[in-house]
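Colleague: Hi! I'm new to this one, could you walk me through it?

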Amino acid sequence: MLFGRKGADPEFPRGDQGSGSLDDYKFDLMPAKRDTVIRLAGSDPAQDAIAQAMEGERIETAIPRRTPEDERTDAEMPVRLFVDGRILGPVGRVPRGLEAVVNEALARLEIAGRKPRIPVEVVRTKHGLRVDLQMGETR
């Protein structure tokens, strides 16, 4: 592809691609810095649910762990939000290539005896509301 966007997912428009990089993680998929984030892809259809989540005090993810079947077929990883005792969503999905990072963070939280929920920040951009997973807080 001569003039195409590097790593772009053709399923989503340019402003809804999500973001994150494996370069932000150590060899064991541990976030290298406390401010490491992953922005979800595919959030355009979920603008109402994301706006509703902004009304809550504490917003976290409700992501099921990937099964071996999901890993084998490279299934997408949808993200729902856990807000004030209720689940909203899905509000997007983990960008392609970063599923293992999120799965490892969930496992790390469980092993540490914490709830397997990644903190979230809702961000307003020129393309609408977006969801940032606060990966650095899972260290």
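Modeller: Happy to. Let me begin with a term: a salt bridge is a side-chain nitrogen of Lys or Arg within 4 Å of a carboxyl oxygen of Asp or Glu. Please also keep in mind that this is a predicted model.

Colleague: Okay, how many salt bridges are there by that rule?

Modeller: The count comes to 12 salt bridges. In one of them, the side chains of Arg39 and Asp132 meet, with N and O 2.6 Å apart. That pair links distant parts of the chain, since Arg39 is in strand β1 and Asp132 is in strand β6, 93 residues apart.

Colleague: Is Asp132 buried or exposed? And what about Arg39?

Modeller: Asp132 has a relative accessibility of 7%, so it counts as buried. Arg39 is partly exposed, with a relative accessible area of 23%.

Colleague: Which residue does Arg58 form a salt bridge with?

Modeller: Arg58 forms one with Glu60, and their closest N and O atoms are 3.2 Å apart. Arg58 counts as exposed at 51% relative accessibility, whereas Glu60 is buried at 13%.

Colleague: Which residues are linked in a network of salt bridges?

Modeller: The network links Arg66, Glu71, Asp74, Arg96 and Glu99. Within it, Asp74 and Arg96 form a salt bridge whose closest N and O atoms are 3.7 Å apart. Here too the pair links distant parts of the chain: Asp74 is in the loop between α2 and β3, and Arg96 is in the loop between β4 and α3, 22 residues apart. Asp74 is partly exposed, with a relative accessible area of 43%, and Arg96 counts as partly exposed at 40%.

Colleague: Changing topic: how many residues are in the largest nonpolar core?

Modeller: There are 29 residues in that core. The ones that touch the most other members are Ile38, Leu81, Val91, Val102, Ile118, Leu133 and Met135. Helices α1 and α3 and strands β3, β4, β5 and β6 each supply at least two residues.

Colleague: Which of them gives the most to this core?

Modeller: That is α3, with five residues. As general background, nonpolar side chains in soluble globular proteins tend to be buried together.

Colleague: Tell me about α3, then. Which residues in α3 are buried?

Modeller: In α3, the buried residues are Glu99, Val101, Val102, Asn103, Ala105, Leu106, Ala107, Arg108 and Leu109. The buried residues of α3 pack against β1 (38–39), α2 (68–73) and β6 (128–133).

Colleague: What span should helix α3 have at 1.5 Å a residue?

Modeller: Helix α3 runs over residues 99–111, and its 13 residues should span 18 Å. The C-alpha atoms at its ends are 18 Å apart, which agrees. Just after α3, Gly113 takes a positive phi of about 80°.

Colleague: What about Ser43, is Ser43 buried or exposed?

Modeller: Ser43 is buried, with a relative accessible area of 0%. Ser43 has its place in the loop between β1 and α1.

Colleague: Where is Ile50 found, and what does Ile50 touch?

Modeller: Ile50 is in helix α1 and counts as buried at 0% relative accessibility. Beyond residues up to four places away in sequence, Ile50 touches Ser43, Val91, Val122, Leu129 and Val131.

Colleague: Last topic, rings. How many aromatic pairs does a search of the whole structure find?

Modeller: The search finds zero aromatic pairs.

Colleague: Okay, what sits over the ring of Phe82?

Modeller: The charged end of Arg117 sits over that ring, 3.8 Å from the centre.

Terms used
Residues numbered from 1 in each chain as written. Predicted model: local features only at pLDDT ≥ 70, side-chain atom pairs only at ≥ 80, totals over all residues. Heavy atoms only, no water. Helix = DSSP H or I, 4+ residues; strand = E, 2+ residues; numbered from the N terminus. Expected span 1.5 Å × (residues − 1). Buried < 20%, exposed > 50% of the residue type's maximum accessible area, 1.4 Å probe, protein only. Contact = heavy atoms within 4.5 Å. Core = buried A, V, L, I, M, F, W, Y, C linked by side-chain atoms within 4.5 Å. Phe/Tyr/Trp six-rings, centres within 6.5 Å; stacked < 30°, edge-to-face > 60°. Lys NZ or Arg CZ within 6 Å of the ring centre and 35° of its normal.
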